[in-house]
Amino acid sequence: MERYADLVLEGGGVKGIALVGAIEVLEERGYRFKRVAGTSAGSIVGALVAAGIPAKELVRIMDSVRYPDFRDGTRYTRHTAGKALGILARNGIYLGEHLRTWLQSQLDEYGVRTFADLRYTDDERPPAPERTFKLVVTASDISRGQLRYLPWDYDDLGRDRGAQLVVEAVRASMSIPFFYRPVRWDSADGRKVWLVDGGMLSNFPIAAFDAPPGSTPRWPTLGIKLSAHPESVQGTGYPITGPVSMTRAMLKTMTGFYDQMHIESADAQARTIFVDTGAVRATDFDLTDDDRDFLYRSGRDAAVKFLDGTPTRPAWDFQQYIAAHRF
């Protein structure tokens with residue numbers, strides 16, 4: 001039986017393989033996705049899903065990715081001193097150009113280049129003009145201190161929403177601070193706009209497609225989060241022994257605080273698939289075959305448990321969700 005849903009995908013670098021495993025299970029159970037929101041790695045997978053690429057093909061694509069190629073720095077960035085120079089001179093070690101060319105080559109197969117190729121229509125509940133797209137990705141505008149939803153916010157930046165390249169928005173969304181060079185654009189008022197990884201402000205925009213208060217959604221918004229259930233991370237700290245660990249702790253606090261407020265709500269937890277990705281880090285680009293298989297299987301297992309239930313959690317039921325959280 002075919003079911004509709006909107007989909008929200010958390011960022012997580014190379015851990016995005018787990019997203020594909022979970023999406024594959026959802027498709028096997030009949031789910032088809034109206035709209036997709038994503039951050040960083042979630043924006044990459046989200047762009048592929050919004051383009052209409054089936055989950056089975058997504059698995060093949062992600063299995064064939066050469067992740068070390070995404071570390072596309074110049075020769076001097078192979079060394080510690082060169083990495084430091086890249087940060088000082090360009091605000092990031094790696095170029096991010098390989099992501100652009102690789103992702104565009106995948107989207108070309110399905111005729112997608114600009115957001116105009118991803119139009120979303122709804123005759124019963126027409127969306128606002130800025131939201132007539134199947135894909136939205138988040139980026140952190142550090143020049144103005146705000147979260148950007150692209151393409152929704154392009155008008156504020158003096159750009160035609162439909163004319164913008166999908167890969168450019170994704171490139172902005174996955175600009176991990178200091179790892180990739182930030183994206184710089186000109187705004188409508190002539191000021192420079194600096195965009196980095198959307199996860200810096202919100203790595204899991206679970207409320208992006210929520211129906212307005214007082215209206216009942218016709219289909220669910222399902223989230224896939226690349227971390228354990230929030231109850232298992234209560235009290236987790238970040239040991240600080242010096243400036244490097246302090247910087248890391250500050251970044252983790254910034255990237256987690258906003259989303260933690262949302263995911264702690266019963267509403268968000270009820271519609272989120274939590275994938276335990278173990279010790280794999282977002283920037284572990286030298287994944288082994290066993291690592292890839294672990295992530296993929298973890299995504300599949302988490303989706304099955306979400307849909308079928310476990311001894312401590314009931315099976316997913318949209319009508320029960322509506323009764324508990326939307327009335």
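What is the volume of the largest cavity? In this predicted model, the largest cavity has a volume of about 210 Å³. The structure holds one cavity of 30 Å³ or more. Its lining is made up of 17 residues, and those nearest the centre of the cavity are Gly13, Val14, Ala41, Ile44 and Tyr67. By residue class, the lining of the largest cavity comprises 14 nonpolar and three polar residues, with no charged residue. Two helices, H2 (41–50) and H5 (97–108), each contribute at least two residues to this lining. The largest share, three residues, is supplied by H2.

Confidence was considered next. The average pLDDT of the protein chain is 87, and 83% of the residues reach a score of at least 70. Over residues 256–261, however, the pLDDT falls below 50, and this stretch has seven contacts in the model beyond near neighbours in sequence. Where pLDDT is low, predicted coordinates should not be read in detail.

The nonpolar interior was then examined. In soluble globular proteins, nonpolar side chains tend to be buried together. In this model, the largest nonpolar core contains 77 residues, and the members that touch the most others are Trp102 and Ile224. Among the elements of the chain, helix H1 (residues 16–28) gives the most to this core, namely eight residues.

The surroundings of Ile224 were listed without counting residues up to four places away in sequence.

Not counting residues up to four places away in sequence, Ala270 is in contact with Phe306, Arg313, Trp316, Tyr321 and His325. The C-alpha atom of Ala270 is separated by 9.6 Å from that of Ala324, a residue 54 positions away along the chain.

Note on methods: Residues are numbered from 1 along each chain as its sequence is written. This is a predicted model: local features need pLDDT of at least 70, side-chain atom pairs count only at pLDDT 80 or more; totals for chains, interfaces and linings use all residues. Side-chain values use heavy atoms; hydrogens and water are left out. pLDDT is the predictor's confidence in each residue, from 0 to 100. Contact means heavy atoms within 4.5 Å. A nonpolar core is a set of buried Ala, Val, Leu, Ile, Met, Phe, Trp, Tyr and Cys residues joined through side-chain atoms within 4.5 Å. Buried means under 20% relative accessible area, exposed over 50%, partly exposed in between (1.4 Å probe, protein chains only). Helices (H or I, at least four residues) and strands (E, at least two) are DSSP runs, numbered from the N terminus. On a 1 Å grid over the protein atoms alone, a cavity is a set of points where a 1.4 Å probe fits but cannot get out, and a pocket is an open set with protein on both sides within 12 Å along at least five of seven lines; lining residues have an atom within 4 Å of a point. Grid points are joined across faces, edges and corners, and a volume is the space filled by probe spheres set on the points. Ala, Val, Leu, Ile, Met, Phe, Trp, Tyr, Cys and Pro count as nonpolar, Asp, Glu, Lys and Arg as charged, and the others, Gly among them, as polar.
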